[in-house]
Amino acid sequence: MGEYPVIQTSNLKKIYKMGDVEVHALDGVSFKVYKGEVVSIMGPSGSGKSTLMNLLGCLDRPTSGRYVLDGEEVSLLDDDQLADIRNRKVGFVFQSFNLLTRQTALANVELPMRYAGLVEDRKERAKKALESVGLGDRIFHRPTELSGGQQQRVAVARALVNNPAILMADEPTGNLDSKAGKEIMELLLKLNRDRGTTLIIVTHDPNIAAQTQRVIRLRDGLIEEAVK
Amino acid sequence: MNLGQAVIEALESLYSNKLRSILTILGIIIGVGAVIAMLAVGEGAQSTITGSISGIGTNLLFVYSGNMSNSDVRNVKPITMEDADALLDQYQAPSVEAIAPMVSGSLEVTAGGEKKVSTINGVTPDYQSVRNAELKEGTFITEENILGRASVAVVGVDVATALFDRTDGLIGESIRINGQPFRIIGVLKSKGGSSFGSQDNVVLIPLTTAQARLFNKTSDDIDMLLVQATSSETVNSASDEIANILRLRHRTKIGLDDFTIFSQQDFVSTAKTITGVFTIFLGGIAAISLLVGGIGIMNIMLVSVTERTREIGLRKALGARKRDILIQFLTESSLLSLLGGIIGIGLGWLISFIVGKIAAASGSPFNPLITFNSILLATLFSTAVGLFFGLYPANRAANLEPVEALRYE
C-alpha cells in the first residue's frame, strides 16, 4: 500500500461542558492513518476512546483542531454534509450489530445505498457484499433468524457496500463468543488484505489489538504512545 | 430515498406494530366517519327542505299583511280581495301570471269517529294551477262552488288515510270540519315533504265558504295572496310591481310598507342558510373528534420516535440526512391518518345509510347525501391532521444527535 494518509488529525480537541465544568475528552490529538493500514485504538474507559471514534466516524464535530478524511476537511461541515461523508467514506461495525430487525439481510445491506440515492443494481451490489462475507445463502433471512456471528457479518457487508475509505469497528467482537469473534476478526483482516480497506478497530481486548499493525493508546484525552 | 420506498418502509413499520397502528387509526376513522356522516345528514336535510319548498309550486311569491322587519309601521291595512284584483292588472303588473287568494287555519276534521287536526285552506280555482295541485281523483273547487259557498272539500292523502284508511273511492263521502259537514269532491295527489309538516295533511275548501262558515271573516278579508310570476326571471320584477301597487293602494309612507312579500327563492335561501349553519355546526362537532384522533397520532408517533432512537442513530450513521428521517416519520403519520380517512369514509357512508333507513322507518323520509366535496374535505383534512401532528415528532427524530441516539438504550 502507498503512503497516502486516509486520516490526518492535528491537535484535535473535544471539550464537553457539564454545567460550569469543562471536560476535556480529547486534549489535542494528532496522528495519521495511511491507506490500507489496520489500526486499533485502545485505552481505559474515560480515556476519550469513544469520543475519538465519534470524531473519526464523522458522527460528531471537534471543538477545535483539524481532521482531514480522504482528502476532505470535515471539521467544519454541517449536519447534512457530515451525513453525506458518513455515507460515502465511513463504514460502521458496532458492538451490538445495530441491524434493522424488521428487514431482511439484503434490505439491511441496501440501506446505505438508499441514502446515497442509488437505484440501479442496488440489489446486485448488496447481494455481492453479502456473498463476500459468506452469507450468499442467507440474503432473505431476518436478523432474528441469524446467529450473532452471522448478524455481525451482515453488518460488515453493510459497512462495505458503499466502498468507504475507512471501516470503523467499535468492539466488533464484544457481543460474540470467542469462536464467532475470531471468525469476524479473520473476515475483517481478510477484507483488508483482499480489498485494501483501511481498518480502525476500537477495542479493550489486547488479543484483538495484537492482530493489528499499529495500536494507538489513549489516556486522559491524549495519545500515550504510538507503536509501529 | 424516494417516496415509494418511504411508503413501503412506513407500511412495514406500521404493520410490525399492528395493534398500536389499528388503535391509532381508529381515532381517525371515528373522526372522519363522524365528519362524513354529519355533513351527509346536513346536506340531506338541506336538499329535502329545499326540495319540499320547490314542491309548493313554481315562481311563487307570498304576499301577506304586516311588516315584521320594521316596528315603526302602524295602522296595518289588511290585504283584501280588491288588492288581489288590482294585482291582476296586465299593464301595471305584467309579470304577474296568476293570483290565488287564500285564508288558512288549523282545525279538527272528523269522519265516522276518526279525527285529525289538519290545515284548512280556503282557496279559489286558481290555487290549483298556482300550487301545481294535482288530483288523484274527482274535481277541484270550481267558480260555482265559490259563488254558492258550497260545502265541498278536496282532501290530501294524509287526511284521507287518517279518516277513511284509504285514498280512493272517496268522492261523495262526507267529513266534518269544526262540526260542519262537507262533501268530498276530490283527493289530492301526494306531494310528500315533511319539513313544514306534511303537505298532504290539508283540506281545501272554497274561499267564500271558509270565510263565512269557518273563520268568521268578511268576504274581503284574506290571509295571504299566492302570486305566480310569469317565469323564474320575472319573479323579482313581479315583486316590485306588487309592492308598487300595494303601496299606492294602502297609501303607505316610503320605507314603511304594511305588507310583506316573500318569494319562494327567499324561503329556499333562508332554509339553505339555516341548514348550512346546522351542517357546519354538526361538522364542527365531528371535526373535534378528528382533532382528538390527530392528537392520538402525535402521541403514538412520539412514543415511536423514543422507541426507535437507536434505529434513528443507526440510520444517521449510515448517511441519512435530517430530511430522510423527517420524511420517514411524516410518511408514517400521514399513512396512519390517510388509512383512517379512507376507512372513515366507509364508516361515514354506513352511518348515513343507517340514518336514512331510520328516518324512512320513522315516517319522515330523507336521504343523507355524501357529496364529492365532503369526501375530498375529509381526506384532505385527515391527511393534513396526520402531517400536522406528525411534524413535531418527526422533527424531533430528525434533530436527534447521531452520537446520542446511538448510545440510547
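Q: Starting with chain B, how much of it counts as buried?
A: In this predicted model, 42% of the 409 residues of chain B count as buried.

Q: And what is chain B built from, in helices and strands?
A: Chain B has 13 helices and 10 strands.

Q: What's its radius of gyration, and what would a compact globule have?
A: Chain B comes out at 32 Å, whereas a compact globule of 409 residues would be near 22 Å. Along the principal axes, its C-alpha atoms fill a box of roughly 100 × 55 × 30 Å.

Q: Where does D258(B) sit, and is it buried or exposed?
A: D258(B) is in the loop between helix 8 (235-250) and strand 10 (259-263) of chain B. It's buried, because 21 other C-beta atoms lie within 10 Å of D258(B) and the cut-off for buried is 20 or more.

Q: What about contacts inside chain B, how many of them join residues at least 24 apart?
A: Counting contacts between residues at least 6 apart in sequence, 82% join residues at least 24 apart.

Q: OK, switching to the interface. How many residues of chain B are in contact with chain A?
A: 18 residues of chain B, in contact with 18 residues of chain A.

Q: Which elements of chain B give two or more residues to that side?
A: Helix 1 (3-16), helix 10 (309-317), helix 11 (322-361) and helix 13 (402-407) of chain B. Helix 10 of chain B gives the most, with 5 residues.

Q: What happens just after helix 10 of chain B?
A: G319(B) takes a positive phi there, of about 115 degrees.

Q: New topic: strand 7 of chain B. Which strands does it pair with?
A: Strand 7 (residues 180-188) of chain B pairs with strand 4 (residues 135-138) of chain B in the antiparallel sense, over 3 bridges. With strand 5 (residues 152-155) of chain B it runs parallel, joined by 4 bridges. With strand 6 (residues 174-177) of chain B it runs antiparallel, also with 4 bridges.

Q: Can you give me some residue partners? Which residue in strand 7 of chain B does G138(B) bridge to?
A: G186(B). V154(B) has G186(B) as its bridge partner too, and S174(B) is partnered with R183(B).

Q: How many residues lie between the strands in the hairpin of strands 6 and 7 of chain B?
A: There are 2 residues between the strands, and N178(B) takes a positive phi near 55 degrees in that hairpin.

Q: Now chain A. Why is its strand 7 largely enclosed by the rest of the structure?
A: Because 5 of the 5 residues of strand 7 (residues 166-170) of chain A are buried. I166(A), M168(A) and D170(A) are on one side, with L167(A) and A169(A) on the other, so both faces are covered.

Q: Which strands flank it as pairing partners?
A: Strand 6 (residues 90-93) of chain A runs parallel to strand 7 of chain A, with 4 bridges. V90(A) has I166(A) as its bridge partner. Strand 8 (residues 198-202) of chain A also pairs with strand 7 of chain A in the parallel sense, over 5 bridges, and A169(A) stands opposite I201(A) there.

Q: What unit do strands 7 and 8 of chain A make with helix 6?
A: A right-handed β-α-β unit, with helix 6 of chain A spanning residues 178-195.

Q: Last one: where is confidence lowest and highest in chain A?
A: Strand 10 (residues 222-227) of chain A is lowest, at a mean of 72, and helix 5 (residues 148-160) of chain A is highest, at 95. Chain A averages a pLDDT of 90, and 97% of the residues score at least 70.

Methods:
Residues are numbered from 1 along each chain as its sequence is written. Chains are lettered from A and ligands numbered from 1 in the order in which they are written. This is a predicted model: local features need pLDDT of at least 70, side-chain atom pairs count only at pLDDT 80 or more; totals for chains, interfaces and linings use all residues. The radius of gyration is taken over C-alpha atoms; the globule rule is 2.2 Å times the number of residues to the power 0.38. A residue is buried if 20 or more other C-beta atoms lie within 10 Å of its own, exposed if 12 or fewer, and partly exposed in between; C-beta atoms are placed from the backbone. Two residues are in contact if their C-beta atoms, placed from the backbone, lie within 7 Å. Two strands pair if DSSP finds at least two bridges between them. A crossover is right-handed if, with the strands pointing away from the viewer, the path from the first strand over the helix to the second runs clockwise. pLDDT is the predictor's confidence in each residue, from 0 to 100.
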